[in-house]
Amino acid sequence: MYLKYTYVHKIRIVVSGLQALLKHKDIWRAEDIAEIAAYQRRTNLPTGFTALDRLLYGNGWPRDGLVEILPEVHGCGELQLLIPGLCCLMGEETRWIAWVNPPFVPYAPALNARDIDVNRVFLVHPKNHREALWATEKILESGSCSAILVWLDEQQLEEKQLRRIQTRAKEGRAWITIFRPMHAQVKSSPAELRLSLRLAETHTKDQVNLSILKRKGGWPVPNLSLQLHEYQALSANTRIAAQWQQWRQQHSLAGVKH
Amino acid sequence: MLWLCVHLPLMGLEIAQYSQDLTKRKPAVLVADQKVYRMNEAAQEAGILLGSSVATATSLVPELLHYRRDREAEHKHLEKLVPIAYRFTPRVALSFPYDLKLEVSGSLKLFEGLNNIVQHLKRSLAKAGHTAQIGIAHTPAVARVFAHAHSVIAFTDYPDEATIRSESLEHLHTLSLKYSELKTTDVECMFNMGIRFFGELLDLPRGELRQRFSSDVLRYLSRLTGELAEPQQYVAPATQFTSIIHLLEPLLDKPFLRKPMEQLVIEMVHWLQSKQLGVVEATWQFTATDAQTITISCRFAYPRIDLQSILEFSELSLSERKLPQEVLSLRLEATQVASLAKAGALTKDLMGGYEVRPVLPEDLLDRLTARLGPDSWELLCSHDDHRPEFAWSPVSDHSTRHKKSHHPSTEIAANSRPLWLFARPLSVKSKDFEILQGPVRIEDGWWEDRVQRDYFIGRHESGALCWLFNDEYGWFQHGYFA
């Protein structure tokens with residue numbers, strides 16, 4: 001009788017410990033995904049790319065969480081991927097967008113032309129990795145920014161720092177995107193979404209290859225071809241330019257020298 | 001007329017002690033001419049008497065703290081309290097050494113009643129480190145008597161003039177003559193004659209009094225009853241704010257600076273409130289024992305008036321700086337102020353209740369400035385210029401940005417400008433690129449920085465889409481279509 005009592009008691013302890021663990025905000029159960037996704041569907045942030053939306057947890061970018069983007073090179077569409085989401089966020093909220101340690105200048109006229117209100121954009125130029133982390137944390141803590149784009153020094157970046165950023169992002173209700181080089185994909189990360197961007201091989205030049213390395217509620221997805229808006233428009237322009245040149249040549253005018 | 005007289009009985013002691021918080025509970029006395037002039041409660045409980053010599057007092061309480069009375073400092077300090085009173089009424093008069101007089105009949109409606117004014121005034125003074133006795137009456141002279149006697153009449157929130165007058169005079173009758181402004185010799189004389197209370201003096205026929213006392217006594221009596229007008233010299237807060245605290249003992253550590261710093265900021269906030277201004281730049285000076293001075297300026301993104309944030313950002317800027325070992329004096333100056341009405345920042349209630357609000361981006365920027373330096377962040381601003389590098393500029397002053405920034409009238413097609421721009425064009429070889437589109441000629445600025453370039457969109461070998469241009473100096477890359 002006594003033995004039986006202790007046994008039950010022990011089980012109770014184990015169960016209560018498990019309950020506590022399950023209540024932890026970083027832990028979720030696969031069976032809850034559908035439920036949470038249904039809840040989040042109302043509040044998600046569309047990426048602007050239907051093919052990508054369909055694959056993401058809650059059908060879009062997380063409104064409070066860490067996303068990692070690993071572009072192959074600069075200029076492979078890493079910003080364009082975010083622009084529709086940022087536009088949507090700016091329209092919905094009055095909070096700001098912060099760029100921490102950007103490698104180049106985010107060009108204000110170009111942002112304006114893409115419907116991003118530059119009045120609500122600010123850049124932070126930290127002098128070192130420590131300052132960059134401090135600034136990122138303060139921005140998240142303040143809750144005054146809805147989106148934050150961060151470039152960090154890969155060599156000094158540690159997993160625990162990312163973990164801290166991830167928790168702060170939840171608290172500050174901010175969508176934070178960290179840009180890391182391609183080789184960081186072998187490292188583990190607490191980010192809830194990791195994407196790598198590669199330019200498409202040869203002939204279809206207006207596309208990028210996007211791979212989902214990690215996502216909530218699903219397996220990684222390799223090589224998703226994505227047609228970026230800008231590339232589309234550009235290819236259309238190129239077509240018109242080609243026609244125009246053809247027309248000039250037909251009318252024996254001097255062609256435009258490249 | 002409704003007069004408040006604020007009497008600060010322990011002001012002399014409070015200014016001597018206000019950098020030290022702990023000593024308040026210890027017995028302390030203020031000494032003038034080798035005699036105990038004022039003392040705190042602890043000293044009173046220990047049995048020290050006013051007017052006794054320092055030696056007698058110390059023999060009673062060996063650990064007694066005594067401070068010499070500094071009339072000049074008291075004088076200056078009373079003037080510093082003007083902004084606090086000025087928030088309630090523009091009619092503020094000083095009466096040295098320890099009294100402030102306020103005429104508040106015009107402010108009753110704004111502050112929703114007399115009792116509110118008294119409460120707020122007391123609270124503000126307590127925050128500044130003073131215990132105040134407030135007297136309310138129909139003339140400044142009677143209000144002064146009430147304040148000194150620490151005797152309050154409970155008026156309604158909106159009393160009418162006749163009631164104030166009758167109730168004040170009635171109450172005055174019961175008070176001792178020792179609270180009057182009369183000469184001590186006169187008061188002594190009256191005591192000897194058996195006249196102890198105001199009532200007894202006021203009931204006597206004036207003609208007989210004139211024969212026995214000087215005309216000052218009669219003038220005082222008519223001032224009490226209101227028969228003789230008592231013109232006041234109203235004061236206004238200073239036009240600039242500078243305040244210094246000299247510490248009695250040097251402070252060795254930054255955390256100890258918090259208390260005197262807070263004191264200075266409180267003073268500044270009161271001044272700002274009275275002037276309806278916000279501070280844009282505050283300058284701190286810390287002077288060490290060896291006369292070495294450290295100056296630290298705090299700049300704010302918009303005019304600020306709230307104590308918490310000014311103090312917080314000051315401390316943040318301090319945290320990054322090395323201070324001298326032993327700080328002897330602190331100085332705070334409002335080096336740049338701006339009107340609150342213009343900035344639209346006056347959203348708090350006028351009663352001085354500054355509620356907590358969510359962090360604004362401006363607060364965040366101030367925090368970054370304080371810790372990482374003023375050039376640690378910038379805002380973007382686009383301009384109407386064809387030259388790519390002149391079509392935007394960084395702005396690090398939040399106030400000027402709104403004036404400048406606008407959507408340029410030259411509409412740029414969404415895809416013709418890259419998202420990444422190089423701060424300085426990069427020299428490249430044209431053979432590394434496959435030209436996709438162009439040229440687009442940009443030619444402008446012949447009057448200053450001439451630009452004459454053919455822009456192309458090209459793809460680098462690596463696959464990146466680049467913005468290139470060709471001019472007389474060769475090929476350059478100016479950005480990425482990221």
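Reader: What percentage of the 482 residues in chain B is buried?

Author: In this predicted model, buried residues make up 52% of chain B, where buried means under 20% relative accessible area, exposed over 50% and partly exposed in between, with a 1.4 Å probe and protein chains only. Local features need pLDDT of at least 70 and side-chain atom pairs count only at pLDDT 80 or more, while totals for chains, interfaces and linings use all residues. Residues are numbered from 1 along each chain as its sequence is written, chains are lettered from A and ligands numbered from 1 in the order in which they are written, and side-chain values use heavy atoms, without hydrogens and water.

Reader: Why is B:Ser168 called buried?

Author: B:Ser168 has 0% relative accessibility and therefore counts as buried.

Reader: Which residues are in contact with B:Ser168, leaving aside its neighbours within four places in sequence?

Author: Among them are B:Ile136, B:His138, B:Phe146 and B:Phe155; contact means heavy atoms within 4.5 Å.

Reader: Why is the largest pocket said to lie between domain 1 and domain 2 of chain B?

Author: Domain 1 (3-26 + 63-225) and domain 2 (243-374) both give residues to its lining, so the largest pocket lies between them. The domain bounds come from an automatic or database domain assignment. On a 1 Å grid over the protein atoms alone, a pocket is an open set of points where a 1.4 Å probe fits, with protein on both sides within 12 Å along at least five of seven lines; lining residues have an atom within 4 Å of a point.
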